[in-house]
Amino acid sequence: MAILKFSASAVAAQIAHARGCKTFLPNWNGPVDRPALILIVGNGVHLRSNGIDGTTTRIVTTEQADPSFAFADGMNPFRDTDWMAQRRMAFRDLTGQFYTDILDDVQVLIDRGQGTIRLATDGHSIRVFVRRAADYLIGGAYDVPSGLGGTFRVILKDACDTFAIVQNCGNCEDFDAMQPYRVPLDALMEIDDRRAA
């Protein structure tokens, strides 16, 4: 999983553009009737509005980029000399256009005064990544999705900005005997958090 960081003000400008348009770029399923953000992985990595307002004839491609788009930190071909290496670390050889459904979640963070928007991607899905490692208590108890349709109770052993090391604790004996393992940081749920696993 890679964490992409974007300037909140640059993303806000793309959201404002999308909301100011009445026509939108289609996605792979056909016409789109609402504002959205598109993540482009190609000549840099950037977020852009899906709005079409007639001010440009440029279509969205992975080969072209505009300096006004919201570029991920370290992946701006207009500014970063090693942007290609950074893009490769995050996406390997994957390039393309990803229609996202994150616009409203990102807007909430912008409205709260967040200066940086962080997105988590595994190359195929894009999620708004809100929490940081410092938000979790080392030694604290959390729930994590089990992959079996339920959750495991775990103790947090260590964490960085993308993943956590956890040890099962308080489950059945066989599961608690497992070695510590990694989970995405945003998979940690407070004990009283009722998110679906």
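The entries below follow that order, and I note at the outset that the model is a predicted one.

Entry 1, helix α3. I looked up which residues of α3, the helix spanning residues 103-111, are buried, and I found Leu 103, Val 106, Gln 107, Leu 109 and Ile 110. They cover an arc of only 160° around the axis, so they lie on the same side of α3. On the other side of the helix I found Asp 104 and Asp 111, which are exposed. I then asked what covers the buried residues of α3, and the cover includes α1 (8-19), β3 (37-42), β8 (116-121) and β9 (126-128). Following the chain just past α3, I noted that Gly 113 takes a positive phi of about 90°.

I located Phe 24 in strand β2, residues 23-24, and I put it down as buried because its relative accessibility is 9%, where the cut-off for buried is under 20%. Leaving aside residues up to four places away in sequence, I listed its contacts as Ala 18, Val 32, Asp 33, Arg 34, Pro 35, Asn 50, Gly 51 and Ile 52. For one of these, Arg 34, I also looked up the separation from Phe 24, which is 10 residues in sequence and 7.0 Å in space, C-alpha to C-alpha.

I found a nonpolar surface patch of about 280 Å², made by Leu 148, Phe 175 and Met 178. I placed Phe 175 in helix α4, residues 173-176, and I recorded Phe 175 as partly exposed, with a relative accessible area of 30%.

Definitions and conventions: Residues numbered from 1 in each chain as written. Predicted model: local features only at pLDDT ≥ 70, side-chain atom pairs only at ≥ 80, totals over all residues. Heavy atoms only, no water. Buried < 20%, exposed > 50% of the residue type's maximum accessible area, 1.4 Å probe, protein only. Helix = DSSP H or I, 4+ residues; strand = E, 2+ residues; numbered from the N terminus. Arc of directions from axis to C-beta. Contact = heavy atoms within 4.5 Å. Patch = residues over 30% accessible without salt bridge, like charges linked within 9 Å, V, L, I, M, F, W, Y side chains within 5 Å. Areas by Shrake-Rupley, 256 points an atom, 1.4 Å probe, with all protein chains shown as cover. Salt bridge = Lys/Arg side-chain N within 4 Å of Asp/Glu carboxyl O.
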